[in-house]
Amino acid sequence: MPEPTDDTPWLDRAQLRAWMKLVAVMELLPAALDQQLQRDADLTHFDYMVIAMLSETESRTLRMSALASATNASLPRLSHVVSRLEKRGLVARCPSTDDRRATDVRLTDDGYAAIVEAAPQHVRTARTFVIDALTDEQTGQLDAITKALLGRLDPEGRFAALTYPREDDAPTICEERLTGQRQPPQ
């Protein structure tokens, strides 16, 4: 290990242990999510996020810039993925009805069917690798930790991760939007 200097704030042992575990999660979790979605739904995790965010809107349509925010993506990356999903018939691009300079992305019926089919196993996978490994207290801590990290990574608040789901969303809103069926109150 390099010799500590006055200008480099090296990590101590506890910080290094935490950092290395975070790095491992950042490497392993995306691969595990992609593997499950590729196997079960022929989608990448990012493909899934795009169609999931569209499925949760009333009209199943979002402006490209809003979709980029909802999926924590740059516009060029989103445009590339939307093109690929469009070729598969899962989404369609159309001029925005509000602003002719903008482009909207609409989830097609085939896209909606794909997300409805993919969602249950994806949720099981998210539970297996993350949620069920934690206590309720740890889940709250994870929320606080990721909020603090996102405050540094996205200080302008461009991405929707800090505000999703919205405070006024019902606890079962995501399931209702995917299934089209109202869930009993909890």
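1. Is R84 buried, partly exposed or exposed? In this predicted model, R84 is partly exposed, with a relative accessible area of 33%. The residue takes part in a salt bridge with D47, in which the closest N and O atoms are 2.4 Å apart. Because R84 belongs to helix α4 and D47 to helix α2, the pair ties together parts of the chain that are 37 residues apart in sequence. D47, for its part, is buried, at a relative accessible area of 2%.

2. Helix α2, residues 45-55, is mostly covered, with 9 of its 11 residues buried. The buried residues are F46, D47, Y48, V50, I51, A52, M53, L54 and S55.

3. From α2, the contact is made by F46, D47, V50 and I51, and from α4 by R77, L78, V81, R84 and L85. Sorted by class, this contact has 6 nonpolar and 3 charged residues, with no polar ones.

4. T71 is found in the loop between α3 (64-70) and α4 (75-87). The residue is buried, because its relative accessible area of 6% falls under the 20% limit. Neighbours within four places in sequence aside, T71 is in contact with F46, M49, V50, M53 and L78. Of these partners, F46, V50 and M53 are among the buried residues of α2, while L78 belongs to the α4 side of the contact between α2 and α4.

5. A further salt bridge joins the side chains of D42 and R88, at 3.6 Å from N to O. D42 lies in the loop between α1 (13-41) and α2, and R88 in the loop between α4 and β2 (91-95), so the pair links distant parts of the chain, 46 residues apart. Both ends are partly exposed: D42 has a relative accessibility of 48%, and R88 one of 37%.

6. The count of salt bridges comes to 8. One of them brings together the side chains of D132 and R127, at 2.7 Å from N to O. D132 counts as exposed, at 52% relative accessibility, whereas R127 counts as partly exposed, at 40%.

Definitions and conventions
Residues numbered from 1 in each chain as written. Predicted model: local features only at pLDDT ≥ 70, side-chain atom pairs only at ≥ 80, totals over all residues. Heavy atoms only, no water. Buried < 20%, exposed > 50% of the residue type's maximum accessible area, 1.4 Å probe, protein only. Helix = DSSP H or I, 4+ residues; strand = E, 2+ residues; numbered from the N terminus. Contact = heavy atoms within 4.5 Å. Nonpolar A, V, L, I, M, F, W, Y, C, P; charged D, E, K, R; others polar. Salt bridge = Lys/Arg side-chain N within 4 Å of Asp/Glu carboxyl O.
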